[in-house]
Amino acid sequence: MKRTNYAGLIDEAYLDQTVTLQGWVQKRRDLGGLIFVDLRDREGIVQLAFSEEINADALAVAEKMRSEFVIEIEGVVRSRAEGAVNDHLKSGKIEVQVAKATILSEAKTTPFYIEDDINVSDELRLKYRYLDLRRPEMQKNLRIRSKITAATHEFLDANGFIDIETPYLAKSTPEGARDYLVPSRVYPGSFYALPQSPQLFKQLLMGAGFDRYYQVARAFRDEDLRGDRQPEFTQLDVETSFMTQDEIMALVNEWVAAIMKKTVDVELNTTEIPVLDYADAMARFGTDKPDMRFGMELQDLSDLMADSEFGVFANAVKNGGQVKAIVVPGGADNYSRKDIDKMAQYIERFGAKGLAWLKITDEGITGPIAKFLTTKGDALLAQTEAQAGDLILFAADSANVVSATLDALRRMTAKEIGLIDDTKWAFAWVVNWPLFEHQAEEDRWIAAHHPFTMPNEEDLPLLETTDGAHQAHAQSYDLVLNGYELGSGSIRIHRMDIQEKMLSALGFTKEAAHDAFGFLLEGMEYGFPPMGGIALGLDRLAMLLAGRDNIREVIAFPKNSKATEPMTEAPTPVAQAQIVDDLGLTAPVYADIEAPNMSEE
């Protein structure tokens, strides 16, 4: 039989029509001489009815059906009996009375139910991912992802962009994260690297005159994982020539608006997307990716507390640090002392050495540090605008520790007390980033974005010295949505002299710079146009639009938090012959396995 319709799309418009459907058995209910089967496919569920009155042969087949059997049926669409309507289904007012039925394949009992809101471990879901992906919410998530890419192709094609693929096997270049390396069989001892981004290739495409490039690009980074990261991920990658930063941001606003309309049917008013200076974002929110769906902005109390009787505050300011606070509305009643002690333990991961706090009541200010602030109380309430019932949380330390601590507390408490409107889409641009940032772990300076970001015009003289370069700011712009970095972009360096100074400030000698990036530097000698671009994270955008909090929920076959893939068990050892004979490498001792026999025999 040839399928005529998707099961989940059948409704009253098909009454009295004969349809042929194929899919999976969601549920079977045997009422003795009458069997109902819920048939599921990617579009949803329709109820099938089997009885001797309709067709005895089809009823006999239905008696053998079990959950997740794959079946094929032919029948007539009829209205459901009075009182049997299901308003939660598109097909809830009809059923298909089956005249023919075939079991296409049988199924074992699944390790978990194929339904939404299952309470099983992520590891089990990933091991049986092909079953997990049958669940309606997972199918919805991947369709959202598909709509995002469809909207991207449609919008960028209409705006003169050209879809161009860049290599997956490329030269290893020091761009930040660790590379995934691929050994060459033809050149033993030499390696390709899987790209961390198409950055250098898309700049070369601008040098080649393509003017507007885009790509749905795979990228690979060997780094520690968390909920919004994977070792392989997908970028919606764009590069342009002869466009200013403002022009690129305006274009991206319209692109994102097209995605929002096609994907979640939201009309995005691009004129209302705020643009924040990086320093302003850090001062107000403690982060370069602020969640602006709620208030609770950071309050700088450093001047007020510089001469405080509370030594922790006074010493922090004296040593060049900060004293800042957030006011949690209604927090005095919502958080006990035990709850606040748990917060103090939580913020240790950000370098905080403790958590100072005050509760505001009708009687006044209470809390363990209240006795030290008797002369500061009125000024504190005036500056923070705290009201009776509020909780004030303080951080006193270096600027980095204070920002990280209060950012974390701001997000956590807002979620716990219900301040976040999950239906709101709070986009923002963060611009004018530092060109460099100090990496404390290795005590070295790295590019805040990447080594190919153009400094602000007025900061170009600062590149003449290393110390000066570290004070420079970049022509950069990050797009933020609901507290997540959605995309990172910048105007690129298109002149070799500036690029060499940038690499020198990062510690590259001229020889090392040409060894790593010689092909790009040489290209610049042949006339490169001013250029700029951005890459939006497809996985992260899909996660947000699907209302999820982990990108694994919008990736068909993701890795787990240990960078392994439970279904296929990748990565796995390979045969000695592949390592030693084919690639000329030293085989690890654990790879003592036989190569699979791929011959016709």
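A cavity, as the word is used here, is a set of grid points among the protein atoms where a 1.4 Å probe fits but cannot get out, and its lining residues are those with an atom within 4 Å of such a point.

**Figure 1. The largest cavity and the residues that line it.** In this predicted model, the count comes to 1 cavity of 30 Å³ or more, and the largest cavity has a volume of about 30 Å³. Its lining is formed by Leu156, Phe161, Val238, Ile248, Leu251, Val252 and Trp255. Sorted by class, this lining holds 7 nonpolar residues, with no polar and no charged residues. Helix H6, which runs over residues 245-264, gives the largest share of the lining, namely 4 residues.

Figure 2. The protein chain contains 18 helices and 22 strands, and its C-alpha trace spans about 90 × 75 × 55 Å along the principal axes. Of the 601 residues in the protein chain, 48% are buried.

**Figure 3. The aromatic pair of Phe313 and Phe394.** Across the whole structure, a search finds 10 aromatic pairs. In the pair formed by Phe313 and Phe394, the ring centres are 5.2 Å apart and the planes stand at 45°, so the pair is tilted, given that planes under 30 degrees apart would count as stacked and those over 60 as edge-to-face. Phe313 belongs to helix H9 (residues 311-318), whereas Phe394 belongs to strand S16 (residues 391-397), so the pair ties together parts that are 81 residues apart in sequence. Both Phe313 and Phe394 are buried. Ring pairs also link these two residues with Phe310 and Phe372, so that Phe310, Phe313, Phe372 and Phe394 form a cluster.

**Figure 4. The second largest pocket and its lining.** About 360 Å³ of space lies in the second largest pocket, which is lined by 20 residues. Among these, Arg40, Gly44, Ile45, Leu89 and Pro136 lie nearest the centre of the pocket. By class, the lining of this pocket has 12 charged residues, together with 4 polar and 4 nonpolar ones. At least two residues of the lining come from each of strand S1 (18-30), strand S2 (34-41), strand S3 (44-51) and helix H4 (136-158), and the largest share, 4 residues, is supplied by H4.

**Figure 5. A lysine over the ring of Tyr128.** This view is centred on Lys127 and Tyr128. Lys127 lies over the face of Tyr128, where the distance from the ring centre is 5.8 Å.

**Figure 6. Ser561 in its loop.** Ser561 is placed in the loop that lies between helix H17 (538-545) and helix H18 (576-582). The relative accessible area of Ser561 is 56%, and this residue is therefore exposed, the cut-off for that word being over 50%. The C-alpha atom of Ser561 is separated by 9.8 Å from that of Pro231, although the two residues are 330 residues apart along the chain.

Methods
Residues are numbered from 1 along each chain as its sequence is written. This is a predicted model: local features need pLDDT of at least 70, side-chain atom pairs count only at pLDDT 80 or more; totals for chains, interfaces and linings use all residues. Side-chain values use heavy atoms; hydrogens and water are left out. Rings of Phe, Tyr and Trp (its six-membered ring) pair if their centres lie within 6.5 Å; planes under 30 degrees apart count as stacked, over 60 as edge-to-face and the rest as tilted. Buried means under 20% relative accessible area, exposed over 50%, partly exposed in between (1.4 Å probe, protein chains only). A charge sits over a ring if NZ of Lys or CZ of Arg is within 6 Å of the ring centre and within 35 degrees of the ring normal. On a 1 Å grid over the protein atoms alone, a cavity is a set of points where a 1.4 Å probe fits but cannot get out, and a pocket is an open set with protein on both sides within 12 Å along at least five of seven lines; lining residues have an atom within 4 Å of a point. Grid points are joined across faces, edges and corners, and a volume is the space filled by probe spheres set on the points. Ala, Val, Leu, Ile, Met, Phe, Trp, Tyr, Cys and Pro count as nonpolar, Asp, Glu, Lys and Arg as charged, and the others, Gly among them, as polar.
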